[in-house]
Every structure is written in structure tokens, then in C-alpha cells.
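Dear colleague,

Please find below the sequence and structure that I am handing over to you. My findings follow directly after them.

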Amino acid sequence: MILGMIFDAAQYQIFIPLFCTTLVTSCVTNDETSCFQKYMEILPVNRKQIVSEKYVLAIILATIGLALFLGLSATEMLLAGTFEFKSLILTGVLSVVASLFLPALSIPLFLHWGVAKGRIIYMIFISALGIGI
């Protein structure tokens, strides 16, 4: 990020919310590797609440990423003398929407088929979207 500010790469910040929400994938992966499913059965919560927690975590992380994005982008714009509130908010909202797209697709796949198979299906789906199928 610091190198991006030095070399005037202004749009690197849009990936901050995306990087924050990828932590949800790490959380699901850790749940699977630690065999959390058998421990979940003895907890006073049901599966629906556990899945909802993953989505709430994604929203919280996207909000943290948005705050970081807005702070860094606003600072960079102010230092460059090109502050535009409308473009800052629009870019921030679009980056959060894009970052919430990842968990919205991946969480159901990971919980249904497991992390390894879910990643393969997710990559096939994203590749199909990318080539326009």
C-alpha cells in the first residue's frame, strides 16, 4: 500500500474490503480442519446460527475494509489535492458490494461440499462468469 502511494497507484485501495472478507474463507477452512462440526453438535446453537455468523462476520469485515479504504483514499486524495467526495463514496460502496459477492457465493459451497471441493466449484463458476458463459 505504501509503495502504491509512492508510485501513484491510486486504485489499489479498492481491494482492501475484498482482502478483509477473504478472512471468512479462512474461518470456514479452520472450522473444517479442526473438525468443528462434531463440536458444533454439543453447543447450544443450531447450524442456521453458525451459518448466519459467517455472513455477519463477512459484513463486519467488509465494514472494517470500507473504513480502511475510505481513510486511505481520502488521505491520498487530500494530499494530491484531488478530493472528490462523490467518487470516493461510489468507489467505496462498489468495492464493498464486490467484496460481499465472494462470501455470498463461497460460504454455501464450502459448507455443503467442503472447502476443497467448494473452491473448485467456486473457481469454475467465477471462470464461467469471466468468459461470459
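Does Phe83 count as buried or as partly exposed, and why? The model is a predicted one, and in it Phe83 counts as partly exposed because its relative accessibility is 38%, whereas a buried residue would have to fall under 20%. Phe83 is placed in the loop between helix H4 (47-80) and H5.

Phe83 also belongs to a nonpolar patch on the surface, together with Leu78, Phe85, Ile89, Val93 and Val97. The accessible area of these residues together is about 580 Å². Helix H5 (residues 85-113) makes the greatest contribution to the nonpolar patch, with 4 residues.

As to the overall architecture, the protein has 6 helices and 0 strands, which gives the pattern α-α-α-α-α-α along the sequence. Of the 133 residues in the protein, 29% are buried. The protein exposes about 8,700 Å², and carbon and sulfur atoms supply 74% of that area. Among contacts with a separation of 6 or more, 69% are between residues 24 or more positions apart.

With kind regards

Definitions and conventions
Residues numbered from 1 in each chain as written. Predicted model: local features only at pLDDT ≥ 70, side-chain atom pairs only at ≥ 80, totals over all residues. Heavy atoms only, no water. Patch = residues over 30% accessible without salt bridge, like charges linked within 9 Å, V, L, I, M, F, W, Y side chains within 5 Å. Areas by Shrake-Rupley, 256 points an atom, 1.4 Å probe, with all protein chains shown as cover. Salt bridge = Lys/Arg side-chain N within 4 Å of Asp/Glu carboxyl O. Helix = DSSP H or I, 4+ residues; strand = E, 2+ residues; numbered from the N terminus. Buried < 20%, exposed > 50% of the residue type's maximum accessible area, 1.4 Å probe, protein only. Contact = heavy atoms within 4.5 Å.
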